[in-house]
Amino acid sequence: MLDIQQLRSDLDNVTQQLAKRGYAFPADAFNALEAYRKKIQTQTQELQAQRNTVSKQIGHAKSKGEDVSAIMAEVAHLGDALKDAETQLEQIQEQLQKILLEVPNLPHASVPEGKDDTHNVQIRRWGEPRSFDFAIKDHVSIGEDLGLLDFETAAKLSGARFSLMKGGLARLHRALAQFMLDTHTQEHGYIETYVPYLVNRDSLRGTGQLPKFEEDLFAVHAGGAGNVATGNTAEFHLIPTAEVPITNMVRDAIVPLEALPLKFVSHTPCFRSEAGSYGRDTRGLIRQHQFDKVELVHLVHPDHSYDALEQLVGHAEKILQKLELPYRVMALCTGDMGFSAAKTYDIEVWLPAQNTYREISSCSNCEGFQARRMQARFRNEQGKTTLLHTLNGSGLAVGRALVAVLENYQNADGSVTIPAALRPYMNDIDQLAIGNVK
């Protein structure tokens, strides 16, 4: 969340920066609460001072053997008034906190200004899209024609926006994840982590999914009727990304300076309700309720976070380069960034069947925004506790990487050539074809 002191001292500028994101900060409500807070805070301090003065009077009167019943009554009255003032102050602070939890991060000065993805800026491109001398099929047709991709059975099991892979396709999906993990741990210096797939509300609040984006999450209530009867009704949520459990590893922690930077990678399923996306990407693996992702997280010194962002993007790019998949890197504009991000690069891979680039990784520097929500700190060079900067990005989305491989490596006979980088993970099989990988 934003620093409330920045709002108090520089509200007009903050409001202008948020407007670039399309967010209208409730300045009138904030100012009204702030004025009330100052009033009650002053009353509280005055009551505390009065109580201290009267308490001293009691001690002085007692030392003289005087009757203190009247003064004691005054102390009791002051105590009740002070308690009421403190309760009001606490309620005001809660209302201010509620406002802050709904406010997105401020955009970095280098972020291009714009309303939507049409204002995103291309930074670079790598590779050239392949020319085909036959009719291109999309990944759905390729997988179904091979008998390895089954959306009908998945819908019977779970509903729309789920998939079922079999045989060589399931193995290729696993190979992609393993290849990504090995590259990031062996070449890029990440620590592999295995994290919970269920998290509590504090974790989701820490990284910014709650309270604003609750409709995008899948909630799970622990236990059944028996647990309800005993009061064990803890609420969990399925993770929308491994960013949540990894980043929250340092919630309420003070990391030693010498431990920085921390770089973690994790392969997990991700679960999203895709609220508001109905009618978009309804065919295939692009937008699913359940999908796999290899997530990269950096926890760094604030002075180094923008260098870390460039490094993070480069690590994700390296996967696509090794797979020889054409892509481009886009700087997202102010109106297209995620809630917690101060700056974001999207990496978009070429999909021949759509004749366009599609997002396969989103890499963001959140600066101190998540760390302030989590109270994730480190002890700086002067020994002072300071907020960490947090970064995250996909390295990569496994299902979308699979889509890109199927479409870019398809052959006229319906087979799919296995990229050279993945063959060691496929028992050196060089092609997916009907009947060759069960």
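Reader: Taking a salt bridge as a side-chain nitrogen of Lys or Arg within 4 Å of a carboxyl oxygen of Asp or Glu, how many does a search of the whole structure find?

Author: The search finds 16 salt bridges. Please keep in mind that this is a predicted model, in which local features need pLDDT of at least 70 and side-chain atom pairs count only at pLDDT 80 or more, whereas totals for chains, interfaces and linings use all residues. Residues are numbered from 1 along each chain as its sequence is written, and side-chain values use heavy atoms, with hydrogens and water left out.

Reader: OK, which side chain does Glu34 meet in a salt bridge?

Author: Glu34 meets Arg8, with 2.9 Å from N to O. The two come from distant parts of the chain, since Glu34 belongs to helix H3 (residues 27-63) and Arg8 to helix H1 (residues 4-9), 26 residues apart. Helices (H or I, at least four residues) and strands (E, at least two) are DSSP runs, numbered from the N terminus.

Reader: And Glu34, buried or exposed?

Author: Glu34 is buried, at 6% relative accessible area, while Arg8 is partly exposed at 29%. Buried means under 20% relative accessible area, exposed over 50%, and partly exposed in between, with a 1.4 Å probe and protein chains only.

Reader: What does Arg124 form a salt bridge with?

Author: Its partner is Glu317, and the closest N and O atoms are 2.6 Å apart. Arg124 counts as partly exposed at 31% relative accessibility, whereas Glu317 is buried at 6%.

Reader: Where does Arg201 lie, and where is Glu214?

Author: Arg201 and Glu214 form a salt bridge whose closest N and O atoms are 2.8 Å apart. Arg201 is in helix H8 (residues 201-207) and Glu214 in the loop between H8 and strand E4 (219-221), so the parts tied together are 13 residues apart in sequence. Both ends are partly exposed, Arg201 with a relative accessible area of 25% and Glu214 with 33%.

Reader: Switching to rings, how many aromatic pairs does the count come to?

Author: The count comes to 8 aromatic pairs, where rings of Phe, Tyr and Trp (its six-membered ring) pair if their centres lie within 6.5 Å, and planes under 30 degrees apart count as stacked, over 60 as edge-to-face and the rest as tilted. One of them is Trp126 with Tyr327, which is stacked, at 5.7 Å centre to centre and 15° between the planes. This pair links strand E1 (residues 121-126), which holds Trp126, to strand E9 (residues 327-331), which holds Tyr327, across 201 residues. Trp126 is partly exposed at 33% relative accessible area, but Tyr327 counts as buried at 1%.

Reader: What about the rings of Phe339 and Phe369?

Author: Their centres are 5.6 Å apart and their planes at 75°, so the pair is edge-to-face. Phe339 sits in the loop between E9 and strand E10 (343-351) and Phe369 in helix H12 (residues 369-374), 30 residues apart. Phe339 is buried at 10% relative accessible area and Phe369 is buried at 1%. Ring pairs also bring in Phe213, which forms a cluster with Phe339 and Phe369.

Reader: Last one, how many residues of helix H13 are buried?

Author: In helix H13 (residues 398-408), 11 of its 11 residues are buried, including Arg400, Glu407 and Asn408.
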